[in-house]
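Thanks for coming. I will go through two interfaces in one structure, and I will keep it short.

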Amino acid sequence: MDHYRNPRNKGLTNSSTYVKCHLKNPSCGDMIDVESLVENGIIKDIRHDGEGCSICCASASIMSEVVKGMTVEDAKKLLENYLKMVSNQEYDESIDFDELQVFDGVKDLPARVRCASISSQALLSTLTSEDK
Amino acid sequence: MKELFPVFKKNKDLVYLDSAASSMKPQKVIDAINDYYLNYSVNIERGVYNLALNATKRVEESRKKIAEYIGANSKEIIFTRGASNSLNMVALMLKKILKPGDEVITSELEHHSSFLPFLNLQKEIGIKLVFVPLEADGRITIDNFKKVLSNKTKVVALTHVSNVLGYKTDVKEIIRLSHEVGAITSIDGAQASPHMKLDMKDLDTDFYSFSFHKMCGPTGLGILYGKKELLEKLDPVELGGEMNDEVTKNSVTYKDLPYKFETGTMPIAEIFASGATIDFLSEIGIENIEKESIRLRNLALKELLKLDEIEVYNKNQESSIIAFNIKGVHSHDLVSVLAENNIAVRAGHHCAEPLHRFLKISASTRASFYFYNDESDVSKFLDVVKKTISFFREVGYID
């Protein structure tokens with residue numbers, strides 16, 4: 001709730017040094033933009049903005065805090081396994097998800113999996129496009 | 001009334017307030033579907049054996065019932081996959097006769113299925129979409145319609161009843177005015193057919209589209225009504241089996257109406273059931289259906305309006321829908337809690353994104369009432385909404 005009402009790293013820079021991804025949840029109309037700034041393989045900054053439900057907004061805020069400062073490689077591994085965790089697939093349980101662990105419960109709410117996933121999918125997309 | 005719908009026997013605690021998405025299906029309609037699979041199971045039109053002849057007869061009986069029910073001729077009743085399919089067919093039929101710069105009037109109140117087919121034509125052939133300015137509450141008025149109607153208007157594609165706010169548009173007058181400038185009218189009746197007596201002769205529209213699954217009928221079946229004189233001039237949008245008359249390597253002629261617009265094997269079981277649907281609605285009476293739906297909706301609305309935390313977007317309307325939100329709460333969060341308490345309502349933009357942009361909200365919660373709901377549904381719904389407000393306050397979601 002704190003992350004929903006007081007989101008961290010919210011607001012886009014629209015700077016050309018950031019890589020941006022826009023995703024939408026067609027079932028409820030939620031939209032999110034995520035920007036990432038990577039320098040020397042380290043995620044220096046993450047910004048996000050959009051409209052969405054509590055799960056969508058809070059997961060974006062928490063994700064931005066957890067992943068900032070990580071290497072791109074570690075962040076990708078964490079996000080890929082996080083997405084598996086919330087969608088009730090097998091994942092690497094040795095990973096420390098930090099505060100993102102609270103979304104473990106989403107696996108029991110199939111209608112909300114997309115809400116918890118959308119920001120991580122957007123961030124993954126920005127990190128993947130930086131590889132190219 | 002719930003005893004007529006088997007789904008409520010297995011889901012005794014279900015409070016179903018999502019009938020605007022799809023209504024429940026009565027035993028009578030289910031029996032008609034089973035009747036086809038158990039006793040016929042053959043294709044229509046093609047066979048000369050008794051089973052095929054009898055199945056064909058049943059299909060034509062359904063068509064005749066529908067035609068009589070909506071004040072049309074059987075030749076004007078085209079079976080489709082649903083209202084969306086019907087509305088797309090209209091745009092595709094008209095594509096050949098529309099020219100760059102021709103104006104198509106639509107509105108921000110529309111379901112996506114009503115205006116997207118024409119948005120596509122704007123890109124493809126350069127027609128121009130023109131939007132009726134909505135009133136502040138989202139309504140289409142005749143005065144505002146007149147502001148955009150002109151000699152350039154070639155098509156008017158509007159909704160009869162809004163799927164989000166439940167507003168009834170005065171389409172009869174809109175159709176009359178449209179014909180004065182020679183425009184063709186296509187009305188989206190997906191939300192009107194479950195609640196209103198439809199009379200094509202009285203409306204005088206050129207096209208009218210609706211789905212059966214929202215009016216106690218089967219899924220996967222809709223109707224495209226089209227005026228005979230117009231349909232005769234238009235070409236089919238799909239070609240293949242059954243719709244043709246004579247085929248050579250280089251040419252094809254088409255069957256008479258309505259068959260030239262029905263390609264391939266139609267959903268025969270659903271067409272059987274469509275006749276049963278018309279019987280079912282006629283026995284209860286569409287006026288009684290609408291009266292009870294509105295009565296229950298207004299009971300719920302009256303109590304919801306007493307709650308400061310609730311914002312209602314269509315409070316002044318005689319409608320069976322309540323479009324609302326808890327202030328400061330995303331509709332998806334609200335409906336999740338309602339769902340945990342066996343209350344089925346809808347969250348999101350309900351395939352009407354332009355309307356939500358107009359209302360300056362990202363999403364709304366839609367509770368839609370139908371005649372099989374009862375006062376117990378209303379009180380359970382209100383009770384859970386109140387508890388949900390308290391819960392959101394406890395966890396600090398709202399102040």
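Before the counts, one definition: a polar contact here is a pair of N or O atoms within 3.5 Å, and within protein one of them must be able to donate a hydrogen and the other to accept it. Residues adjacent in sequence count only if both atoms are side-chain atoms. Also keep in mind that this is a predicted model.

In the contact between them, domain 1 of chain B supplies 31 residues and domain 2 of chain B supplies 30.

On area, about 2300 Å² is buried between domain 1 and domain 2 of chain B, and carbon and sulfur atoms give 58% of that. On the domain 1 side, the residues that lose the most area to domain 2 are Val164(B), Leu165(B) and His195(B), which together make up 29% of what that side buries.

Now the polar part. Across this domain interface there are 13 residue pairs in polar contact, with both residues at pLDDT 80 or more. Two elements of chain B give two or more residues to the domain 1 side: helix H5 (112-125) and helix H10 (268-284). H10(B) gives the most, with four residues. By class, that side has 14 nonpolar, nine polar and eight charged residues.

How many salt bridges are there between domain 1 and domain 2 of chain B? The count is one. Lys168(B) and Glu290(B) form a salt bridge through their side chains, at 3.0 Å from N to O.

The second interface is the one between the chains. Here 18 residues of chain B are in contact with 19 residues of chain A. The area buried between chain B and chain A is about 1300 Å², with 44% from carbon and sulfur atoms. In chain B, the residues that lose the most area to chain A are His330(B), His332(B) and Tyr397(B), together 38% of what that side buries.

Between the chains the rule finds three salt bridges. Glu353(B) forms a salt bridge with Lys24(A), where the closest N and O atoms are 2.5 Å apart. There are also 10 residue pairs in polar contact between chain B and chain A, both residues at pLDDT 80 or more.

Which elements of chain B give two or more residues to the side that touches chain A? They are helix H12 (331-340), strand E14 (346-348) and helix H13 (353-358). H12(B) provides the largest share, four residues. By class, this side of chain B has five nonpolar, eight polar and five charged residues.

Technical notes:
Residues are numbered from 1 along each chain as its sequence is written. Chains are lettered from A and ligands numbered from 1 in the order in which they are written. This is a predicted model: local features need pLDDT of at least 70, side-chain atom pairs count only at pLDDT 80 or more; totals for chains, interfaces and linings use all residues. Side-chain values use heavy atoms; hydrogens and water are left out. Contact means heavy atoms within 4.5 Å. Buried area is the accessible area (1.4 Å probe) that two parts lose on being put together, summed over both. A salt bridge is a side-chain nitrogen of Lys or Arg within 4 Å of a carboxyl oxygen of Asp or Glu. Ala, Val, Leu, Ile, Met, Phe, Trp, Tyr, Cys and Pro count as nonpolar, Asp, Glu, Lys and Arg as charged, and the others, Gly among them, as polar.
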